[in-house]
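Work through the exercises below with the sequence and the model open side by side. Each task is followed by a solution in steps.

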Amino acid sequence: MSSIFSDFFRVTAHGLGRTLLLTLLLVTTQAFLFGQTYDLVLKNGRVIDPANSLDQVMDVAIKDGRIAKVDKAIESGAALKYIDVRGLIVTPGLIDIHTHVFVGGKPDKFADGTFSVSADDFCPRSGVTTVVDAGTSGWKNFEVFKYNVIDRSKTRILAFLNIAGKGMSGDPDQQKIEEMNTEAAVAMAQKYPEWIVGFKIGHYEGSEWSPFDRTIDAGNRTNKPVLVECHLPQYPLAMQLQKMRKGDIITHSFEEITEREPVIDGNGNLRPYVVDANKKGVLFDVGHGGYGFWFSEAIPALREGLEPNTLGTDLHRFSINAGMKSMTNLMSKYLAMGMSLNKVLEKATVNAARAIKRPELGSLSPGNPADIAVFSLYTGDFGFTDAGGNRLKGKQKLETELTIRDGSIIWDLNGRNAKPFLN
Amino acid sequence: MKNIILFILLFSFNALLAQEYDLLLKGGHLIDPKNQLDTKMDVAVTSGKVAAVAASISPQKAKQVVDVTGLYVVPGLIDMHVHAFQGNTPDAYIADGFTSLPPDGFTFRAGVTTVVDAGSSGWQNFRQFKKQTIDKSQTRVLALINIVGKGMVSRYEEQNTDDMNPVMTAHMIKRLFPETIVGIKASHYWGDFTAVDRAVEAGNLAGVPVMVDFGEHQPPLSIESLFMEHLRPGDIYTHTFSYGPAFRETVVDESLKVKPFVFAAQKRGIVFDVGHGGGAFSWRQALPALQQGFRPNVISTDLHADSMNGGMKDMCNVLSKFMAMGMSLQEVITCSTVNPAATIRRPDLGHLSIGAEADITVLNLRKGDFGYTDVRRTLHKGAQKLETEITIRAGKVVWDLNGLSAPGWETELKKK
């Protein structure tokens, strides 16, 4: 299109005045675009948008990077481009609420280091358009994270700010209570409200409660949630859950390790204080990771009525090749555990958006950023493993066909957006 | 009673003795091109090495048995062209930069156990690359070092002929790291044949092959001259199917005919590498070439941040793409195991001979409607796609897509 106009410009420029030419161009452009209301329409997909209680075959139209319309039939002529996604599932772009993506050059460290991974390496191919970093940075190094990683990423990266000043630096400082500065953490969150969605406490080995209390205090002062990771060996789980507020998030919910009481007791029942916390509105995140997910916890929990609210992967160097693998693998694992597709999608979209108080994400409501994932659900004999290296069989698996971020296609598995090659 | 206990003890001892293998892959179809095997065979592993390959190995002889019936068992794939020197030097793109990728997230899930970094580092920063990436990766990372001492810092630094030192490059290889550095890379040079000639000079001094990316000359330099006069048999031409005639002479001409000297060059021993990348693979080169009988010697990805989410995706996708163009499974496995191993002169890799390090890949060949795209985002369809079920590196399972090597989850509850 642009070349047609530039040719036109060159040819006509000799004969016409500048103003006349510009007017002509404007008129032509508008006339040309008038018939094409949308940039892209995804046609005939099964739209599952739990936020809007939608599950039916519909078309989704995108304009200027935003959702323009979701309707039963949008004329394909109304779009510059359309893709037929018949037989596929169209959902809001997934939100992975627990990741470690503050990647950098520091060997064997999470903060600015090699133990973190790049979101773009794993997210587009898994249908994930937004990740939330789980406190890899703190108030002292969030700006390094933002400049080096967040601003360069195609994946939308949000963050829980660690109460520890340098986040998961792995330095002795990480344990120093003086570094856990509520004022400074709150100030950083207020400086970057678009990116910092809450605060995190984790990896504190002392028995003092002030780090925990300061994190909650930061949450209170900004009206933001707190993410509680484990590796808090001296804090009893009951006490953690008691201190947590409605809307605070506990992750690694189904971990079975010695340093934190598991949610299931020796008789296969949920511990009473876990039931109470669930009732109070504490949100349970999976936080799968390399070691944070055990069938021996997750399956009885599901049976006893404790569903995870969100499906955080805990993406990092040591989970990528383990039982976790990817967001879609974790979601398929929950399908294999008997959860419905709609529920799985709800947890991976709107639930995560609500937990971080970002209502413009995780739904296909018109006006929202056009973050969309298109999946195929294929059937066969599959298996899923946990941290103990044990296997659960399943019959269905989600595969990411297309991922769209702010209206741009950032993943296209089978070239659905490509023209046929004519030899 | 005593006798019974003794009997049980003796029996268990015998049972232990009998379990001579750590791991047995049972019931798979083995494709091991170097050993000319393409048939149903069991493969056993002990102490990280291939211990036995036979039509039937008794499950009683192994501590762990994995049923791979219906799947293909092949040597661990070798991706001969990647960029893995990841770091965060400001303004650097591939050498210690963000465009390079840490390999482990892309290799095992795509069946790759060995990668060759294609010139991201040079003699001046190879040791940094080794320390921060090679020594920290589970994937076996080998390297071609750049003839430019600082490697791929930026296109600008890559033009510095004062930093193309054949003697220092050869010393780095021969004296310091003969196990890890397998060759030399010349690329991105805008001038004459200087970069190539210095790389070949270093190659002669160190006794290693040279890989050339010849894509940035304006106007393009003659690839016939490159193949026939400047490179030696055994040297590698990468980005073979790239189409950008303003910068790189193409192997297929505008009337879609393979240039005759290209066949002659392959016959002479020039190794043609795919190096798919973000911009270096076009159907209009590859399809006519394959139809006319010109096939790549080596299939590789040119993995980096700008290729990972485009038409390339991963090694299995690139292999599947060549199958969609008519190559057989056996041929693409040849081009990703024994051929790259021979090219980088590592006869220890790319096969499953007894005693070889147990780098093994188990593949599932899916049937369906699949699509593959080139850098112009045009589509070519295929009915098959390779998927990596299991990857084993030095005898250890490092990727297991469907938990085929795992026990049922209920065993966890029994332990309580």
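## Exercise 1: a helix over a sheet

Helix α6 (residues 210–222) of chain A lies across β10 and β11 (226–228) of chain A, and its direction is about 165 degrees from that of β10(A). Helices (H or I, at least four residues) and strands (E, at least two) are DSSP runs, numbered from the N terminus. Axes are lines fitted to C-alpha atoms, for helices over the stretch in contact, and angles run from 0 to 180 degrees between N-to-C directions. Two residues are in contact if their C-beta atoms, placed from the backbone, lie within 7 Å.

This is a predicted model, in which local features need pLDDT of at least 70 and side-chain atom pairs count only at pLDDT 80 or more, while totals for chains, interfaces and linings use all residues. Residues are numbered from 1 along each chain as its sequence is written, and chains are lettered from A and ligands numbered from 1 in the order in which they are written.

Task: give the strand order and the edge strands of the open sheet of seven strands in chain A.

Step 1. The order is β6-β8-β9-β10-β11-β12-β13 (chain A), and the pairing is parallel. Two strands pair if DSSP finds at least two bridges between them.

Step 2. β6 (94–99) and β13 (283–284) of chain A each pair on one side only, as edge strands.

Step 3. For one pair within the sheet, take strand β9 (residues 156–162) and strand β10 (residues 196–201) of chain A, which are parallel and share four bridges. F160(A) faces G198(A) in β10(A).

## Exercise 2: a covered strand in chain B

Task: find how many residues of strand β11 (residues 181–187) of chain B are buried, and trace the chain into and out of this strand.

Step 1. In β11(B), seven of its seven residues are buried. A residue is buried if 20 or more other C-beta atoms lie within 10 Å of its own, exposed if 12 or fewer, and partly exposed in between; C-beta atoms are placed from the backbone.

Step 2. Strand β10 (residues 140–146) of chain B pairs with β11(B) in parallel through four bridges. A143(B) has I181(B) as its bridge partner in β11(B). Between β10(B) and β11(B) the chain passes through helix α4 (residues 166–176) of chain B, in a right-handed β-α-β crossover. Right-handed here says that, with the strands pointing away from the viewer, the path from the first strand over the helix to the second runs clockwise.

Step 3. Strand β12 (residues 210–213) of chain B is parallel to β11(B), with four bridges between them. A186(B) has V212(B) as its bridge partner in β12(B). From β11(B) the chain goes through helix α5 (residues 194–206) of chain B to β12(B), and this β-α-β crossover is right-handed.

## Exercise 3: the nonpolar cores

Task: which residues touch the most other members of the largest nonpolar core?

Step 1. A nonpolar core is a set of buried Ala, Val, Leu, Ile, Met, Phe, Trp, Tyr and Cys residues joined through C-beta atoms within 7 Å.

Step 2. The largest core has 127 residues, and V43(B), V73(B) and V116(B) touch the most other members.

Step 3. Beyond its neighbours within four places in sequence, V116(B) has contacts that include L142(B), A143(B), L144(B) and V182(B).

Step 4. A separate second core holds 124 residues, among them L94(A), C123(A), W294(A) and L402(A).

## Exercise 4: where the chains meet

Task: describe the side of chain A that touches chain B by element and by class.

Step 1. The contact involves 39 residues from chain A and 38 residues from chain B.

Step 2. Elements giving two or more residues to this side of chain A include α9 (295–303), β14 (372–385) and β17 (419–420) of chain A. β14(A) supplies the largest share, four residues.

Step 3. This side of chain A has 15 nonpolar, 16 polar and eight charged residues. Ala, Val, Leu, Ile, Met, Phe, Trp, Tyr, Cys and Pro count as nonpolar, Asp, Glu, Lys and Arg as charged, and the others, Gly among them, as polar.

Step 4. β17(A) runs parallel to strand β16 (residues 378–393) of chain B, joined by two bridges. P420(A) is opposite L379(B) in β16(B).

Step 5. In α9(A), seven of its nine residues are buried, including F295(A), E297(A) and I299(A).

## Exercise 5: a loop residue

Task: is T37(A) buried, partly exposed or exposed, and why?

Step 1. T37(A) sits in the loop between α2 (18–34) and β1 (40–49) of chain A.

Step 2. T37(A) is partly exposed because it has 17 C-beta neighbours inside 10 Å.

Step 3. Apart from neighbours within four places in sequence, T37(A) is in contact with K63(A) and A78(A).
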